[in-house]
Amino acid sequence: MTSNPNNPSNDDDETPKDPLAEMLQNLMGGQGMGNIDPAELAKAAGLPNDPQLLQQMFAQVQAMMSSTSEGPVNWQLAHENARRVAASSSDPSVTAQQAKEVDEALRLAELWLDPVTDLSATGLIGRGWSRAEWVEATLGTWKRLTEPVANSVANALSNALTQQMPEEMKSMMGGASSMLQNMGGAIFGMQLGQAIGALSAEVVSSTDIGVPLADLEMALLPANVAKFGEGLSLPENDVRLFLAVREAAHARLFVQVPWLRGHLLGAIEAYARGIHIDMSRIEDLARDLDPSNPEGIQAALSQGVFTPERTPVQTAALEKLETALALVEGWVDELTAEATDKVLPSATALRETVRRRRATGGPAEHAFSSLVGLELRPRRLREAATLWATLKEERGIAGRDAIWHHPDLLPTGADLDDPKGFSERRRLAEASDSEVDDALQKLLDGGYETADDAGETEPSDTPADEPDSDGDDPQPPVK
């Protein structure tokens, strides 16, 4: 990147400018921004401390700020930043041997699952993915899940930037209104890409977070599977097979229960659409922070200044979403335990490791939840697994899996509180529904008397068309 010709310096040829400092200087019309330390500003924004990477990123930001965007969020920037972060650490391509091992593990996993579930196998081909391939396969779903809240955050940031900008700065910016409109989207896009790229280094499969990010896919990430097994003192093949069974169980559930994917993604979208961004907090930040104090910026960000507020309605929606996620993860957890119980000696230890990992979440998952205000962790996984185990005891495998036939049959949060009472509550509910159906059918068949029919005459022991006991003709009623 060359230096700004509008602000020449005698040292330009000898000492190149920091790319972030130069970008900020160019954006401000060559005036600079005081004594801001670009490295500290990048740190406060949660960006990597890599000069070459920053130079590439901010060169793109400059180009995108000067052009129009299709929407409030710059998804191209999110995509490319996610790819960069995924590749920033070691991300080798999947070798032929690794691909073969993944395919064999997933095929064997399907065979182990057949006896423990009524849902049939998927017939999907098992795939081995690098982290970059995971980003490519899942980014479309990430966009769908985060777009509602991303738009809200981007618009809030853009409005705050416009409203808080000094009048002299507004006049200096001149016709650069499109840059201001895109700035919030660019900032959010970079942060979202950073979070997704970091998450690619933690997930072990296409369904690792409990949501089918890639439709009709069954895949493992060999590099992350190996990382998952570090420190467990277990055979690598055992770890791969256990995670393959979990992936195959997820895939079987989402393929054979076609409404489930839309149900989960729709619940997440509904939650995200209702998120409220507190503009006053963002405006206070823009007004009160000293740009020359990066520590203050870092402290504000760590306190969740940009985190969307959760309303009571959103809290209720999140509880329903967490219940659905717990039911999916509990079913997968229970089936995986059944399928591996007698064939994988390390299954019990691996089950507990996965449970703890899913309950706490990794660093990238926490960063993502802070960014969009949404946690995708099944907090009630153990209760859900107990519920599915209880249903198997009471109804058998087919009866347990029949719960997935329709969303109205799914257990609720109250059922997770009392798994053993679920069947009795469901029986009473079904009996009540049956009584309503019977009453409705009787009404449609004309089985009920109308009010007029019931109140025209008083009942009599003697039929109206028969003579009295003395032989006289029946008398008309007295009026």
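Q: Leaving aside neighbours within four places in sequence, which residues is Leu 139 in contact with?
A: Leu 139 is in contact with His 79 and Ile 196, where contact means heavy atoms within 4.5 Å. This is a predicted model, in which local features need pLDDT of at least 70, side-chain atom pairs count only at pLDDT 80 or more, and totals for chains, interfaces and linings use all residues. Residues are numbered from 1 along each chain as its sequence is written, and side-chain values use heavy atoms, with hydrogens and water left out.

Q: Why is Leu 139 called buried?
A: Buried means under 20% relative accessible area, exposed over 50%, and partly exposed in between (1.4 Å probe, protein chains only). Leu 139 has a relative accessible area of 16%, so Leu 139 is buried.

Q: What makes the buried residues of H9 line one face of the helix?
A: The buried residues of helix H9 (residues 222-229) are Pro 222, Asn 224, Val 225, Phe 228 and Gly 229. Seen down the axis of H9, they fall within an arc of 165°, so they line one face. The arc is that of the directions from the helix axis to the C-beta atoms.

Q: Why is H10 called oblique to H14?
A: Helix H10 (residues 236-256) and helix H14 (residues 312-340) pack at an angle of about 130°, with their axes 9 Å apart. Angles under 35 degrees count as roughly parallel, over 145 as roughly antiparallel, 65 to 115 as roughly perpendicular and the rest as oblique. The angle therefore makes H10 oblique to H14.

Conventions
Helix = DSSP H or I, 4+ residues; strand = E, 2+ residues; numbered from the N terminus. Axes fitted to C-alpha atoms, helices over the stretch in contact; angles between N-to-C directions.
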